[in-house]
Amino acid sequence: MGKTSDLTAVQKTIIDTLHKEGKTQKVIAKEAGCSQSSVSKHINRQAKGRKKCGRKKCTSSRDNRTLQRIVTTNPFKNVGEIHKEWTAAGVSASRTTTRRLMKDMGFRCRIPCVKPLLNMKQRKKRLAWAKDKKDWTDAEWSKVMFSDESKFCISFGNQGPRVWRKSGEAQNPRCMRSSVKFPPSVMVWGAMSSAGVGPLCFLRSRVNAAVYQEVLEHFMLPAADQLYGDADFTFQQDLAPAHSAKTTSTWLKDHGIPVLDWPANSPDLNPIENLWGIVKRRMQYARPNNAEELKTTIRATWALITPEQCHRLIESMPRRITAVIEAKGAPTKY
């Protein structure tokens, strides 16, 4: 018969149950299908609260609290930096021990979420906007054509420093890094609705009001014809300077295009942001050598987006709005 360490979970349960009922070790051994010595050792181990043998831990509870404080204070440090700071505090432990203890505490090395920083005024406006739109139906959202610009780089590997965080801390402000709007890079404009995607526009220069109005003329209007035909629709755009310029507002009004009011700094409310994410994930293994090859890859990947994918993203609008209301205007997981 096997040793105590060879007992299965079922055997251990049987032993514990029969022992509580006051059965003798001989009877328990017969019922559990193991030796009487194994039963005796298991019962004694449970009585002493001893789970397993092994080398004594080299760190104390105080040392572990110090490590947790170091990680929590600056979660963007790598293991080497954390280990150096921990040992400088008088702890004698290896780098492997440092990593293992961090894992035991629940920390995992993850790519940080990127969310815009919102001030209280912006949060209040987001909350008011969400409450105003909370009763909109899927049919009403399907009449909205969402648009946005996105940055595409030749290399997708550089995602910045990683962060140490526990499960459920993805949206914790201390575990997130701030995004910078429109960093110097190749920019692409696109539009989508529940019916699918429109044509892409590659922006060659800085987007001012005049350039943006050309984008609307040559790409937004054709996208509207493609996605809606003669049906009515509402155009969505964020509050970038070129979008909110008086001349742009006049252009949209002259062309009879209603514009959806939109809260500032709210990419988490725009489903096209998720569509850009889908495209970039599909392109993560692409290795274009120049800007033209990059554009070709983007066009080909964008063409693979199906109306069903777009429809599912549009259907998420009520959930996004509910999330904003529950977060009282703070950034959400979307």
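The expected span of a helix is 1.5 Å times one less than its number of residues. With that in hand, here are the close-ups of this predicted model.

**View 1. Helix α12, checked from end to end.** Helix α12 covers residues 271-282, which is twelve residues. At 1.5 Å a residue it should span 16 Å, and its end C-alpha atoms lie 17 Å apart, so the model agrees with the expectation.

**View 2. The buried face of α12.** Look here for P271, I272, L275, W276, I278 and V279, which are buried. Seen down the helix axis, the buried residues of α12 fall within an arc of 155 degrees, so they line one face of the helix. Their cover includes the strands β3 (144-152), β6 (186-193) and β7 (196-197). The helices α13 (291-303), α14 (307-315) and α15 (317-326) are also among the elements covering them.

**View 3. Strand β6 and its surroundings.** Of the eight residues of β6, seven are buried, so the rest of the structure largely encloses this strand. β6 runs antiparallel to β3, and seven bridges join the two.

**View 4. β6 beside β8.** Strand β8 (residues 201-203) is joined to β6 by three bridges, and the two run antiparallel. Here you can find V188 opposite F202, the latter in β8.

Conventions. Residues are numbered from 1 along each chain as its sequence is written. This is a predicted model: local features need pLDDT of at least 70, side-chain atom pairs count only at pLDDT 80 or more; totals for chains, interfaces and linings use all residues. Side-chain values use heavy atoms; hydrogens and water are left out. Helices (H or I, at least four residues) and strands (E, at least two) are DSSP runs, numbered from the N terminus. Buried means under 20% relative accessible area, exposed over 50%, partly exposed in between (1.4 Å probe, protein chains only). The arc is that of the directions from the helix axis to the C-beta atoms. Contact means heavy atoms within 4.5 Å. Two strands pair if DSSP finds at least two bridges between them.
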